[in-house]
Amino acid sequence: MTTKPDKNIRKPDTLLAHSGRDPAGFHGFVNPPVVHASTVLFPDIETMTSGGQKYVYARRGTPTTEALETALTELEGAAGTKLATSGLNAIALACLSCLKTGDHLLVPDTIYGPTRHFADTVLPNFGIETTYYDPALADDIRAEFKPNTRAIFTEAPGSLTFEMQDVRAITTAARTIGATVLMDNTWASPLYCQPISLGVDLSIQAGTKYIVGHSDVMLGTISASERAWPALDRTLSAMGTHIAPDDVYLALRGLRTLSVRLERHMKNTLVVVDWLKTRPEVSAIRYPALESDPGYTLWKRDFSGASGLFGFDFMAGTTDAQSTAFFNALELFGLGYSWGGFESLAIPVRLKGIRTTTTPDPAVKSARIHIGLEDPEDLIKDLKRALEVAFL
Ligand SMILES: *Cc1c(COP(=O)(O)O)cnc(C)c1O
């Protein structure tokens, strides 16, 4: 019997503040302890052999890892969550949990580059074949099915080019052949999209990005539907994945403020994007939360917000030297990979050779921008100056 209200009726912001916390279990302290451990002792051999003790070995879980897993499970509406050492590690392990020799995997052409690298280099060693599909496919993804298609990867919006996917149509089609659907939901975070409610089986986060939120930890998460959970739990336990307790704790701490951070990321991004729209040097903006974006309808249907990551195309005829001058002239925007922290970042996007099914215009030069928590007016000034320097 519990006197606590049903967790399922709590709203996401409330879950962010309360899930995974058990002050009564830790002498009243608000947060769980950071448990540094390997060995867990048993009081006697009977307890050791009965399987009755909650924690048995730190690799299998501690109060710290359990707190983060529980919070994510509730937020994702999942049957369970496993942690991984990075976002890419989460992707690799999620794939291994639902694929075996002889299976066929479908992956959108707009997938995060290192996911493609994993599918192209590791999976073939296990006799698993990958086909890259056009992310615009919805119910018509059925045409890509082979008798051995066992899993379908999705990612929305797509890396670098931000195409949305009809994840609902894809999960509906996948059900007809019993295939597992995986979704890399890093862009929206579990706050702005709950993949499992769209029919996804394995919902993946590069926790490195918005969950951690402070550019100081790498971590991945995989939350599973009822049907995908047993295999995920078994696979990750067998692979020996373990995340250092301080990193788990920092992810849990980041999670508590995810909602207020994301709200500001989105607000700032809309201000910057509105300004960029007026610039002659910019020919297109890639951000599904814009009504003019081709993915807007799907974003509106399935997502409750947008994050701070978007792309823009430089005007036709922009040279490499101009694009390089723009990035070099930025002062507030750091030049670096990853994103999701409190700071703004920019990288040039080169699509040549990284897509195999769709054909992005190789002449188009683009930027990927992460809008941080700075004052957007300062960010605009920085972008304006860099555009002026580059397009003098
Ligand atoms: C960064 C990223 C990853 C990988 O996360 P890491 O923690 O850097 O390994 C996976 N998917 C997407 C969409 C990402 O942006």
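## The Second Largest Pocket

The second largest pocket has a volume of about 480 Å³. This is a predicted model, in which local features need pLDDT of at least 70, side-chain atom pairs count only at pLDDT 80 or more, and totals for chains, interfaces and linings use all residues. Residues are numbered from 1 along each chain as its sequence is written, and side-chain values use heavy atoms, with hydrogens and water left out. A pocket is an open set of points, on a 1 Å grid over the protein atoms alone, where a 1.4 Å probe fits and protein lies on both sides within 12 Å along at least five of seven lines. A volume is the space filled by probe spheres set on the points, which are joined across faces, edges and corners.

The lining of the second largest pocket consists of 30 residues (those with an atom within 4 Å of a point), and Thr-161, Glu-163, Arg-286, Leu-351 and Pro-360 lie nearest its centre. Strand S8 (residues 282-286) supplies the largest share of this lining, three residues; strands (E, at least two residues) and helices (H or I, at least four) are DSSP runs numbered from the N terminus. By class, the lining has twelve nonpolar, seven polar and eleven charged residues. Here Ala, Val, Leu, Ile, Met, Phe, Trp, Tyr, Cys and Pro count as nonpolar, Asp, Glu, Lys and Arg as charged, and the others, Gly among them, as polar. Domain 1 (11-256) and domain 2 (258-391) each give at least three residues to this lining, with bounds from an automatic or database domain assignment.

## The Largest Pocket

The largest pocket has a volume of about 790 Å³. Its lining is made of 37 residues, and Tyr-112, Gly-113, Pro-114, Ser-159 and Arg-368 lie nearest the centre. Two or more lining residues come from each of helix H4 (87-98), helix H5 (113-121), strand S6 (202-206) and strand S11 (345-349).

The lining of the largest pocket comprises 20 nonpolar, nine polar and eight charged residues. Because domain 1 (11-256) and domain 2 (258-391) both give residues to this lining, the largest pocket lies between them.

## The Ligand

The ligand is surrounded by 14 residues, of which Gly-87, Leu-88, Asp-184, Thr-208 and Lys-209 are the closest; a surrounding residue has a heavy atom within 4 Å of the molecule.

Polar contacts are pairs of N or O atoms within 3.5 Å; within protein, one must be able to donate a hydrogen and the other to accept it, and residues adjacent in sequence count only if both atoms are side-chain atoms. An N or O atom in the side chain of Thr-208 is 2.5 Å from an oxygen atom of the ligand. Taken alone, the ligand exposes 380 Å², and the protein buries 91% of that (areas by the Shrake-Rupley method with a 1.4 Å probe).

## Loop Residues

Gln-53 lies in the loop between helix H2 (45-50) and helix H3 (63-76). The side chain of Gln-53 has a polar atom 3.1 Å from the backbone oxygen of Leu-41 and reaches the backbone oxygen of Tyr-55 at 3.0 Å.

The peptide bond from Ala-156 to Pro-157 is cis, with omega near -10 degrees.
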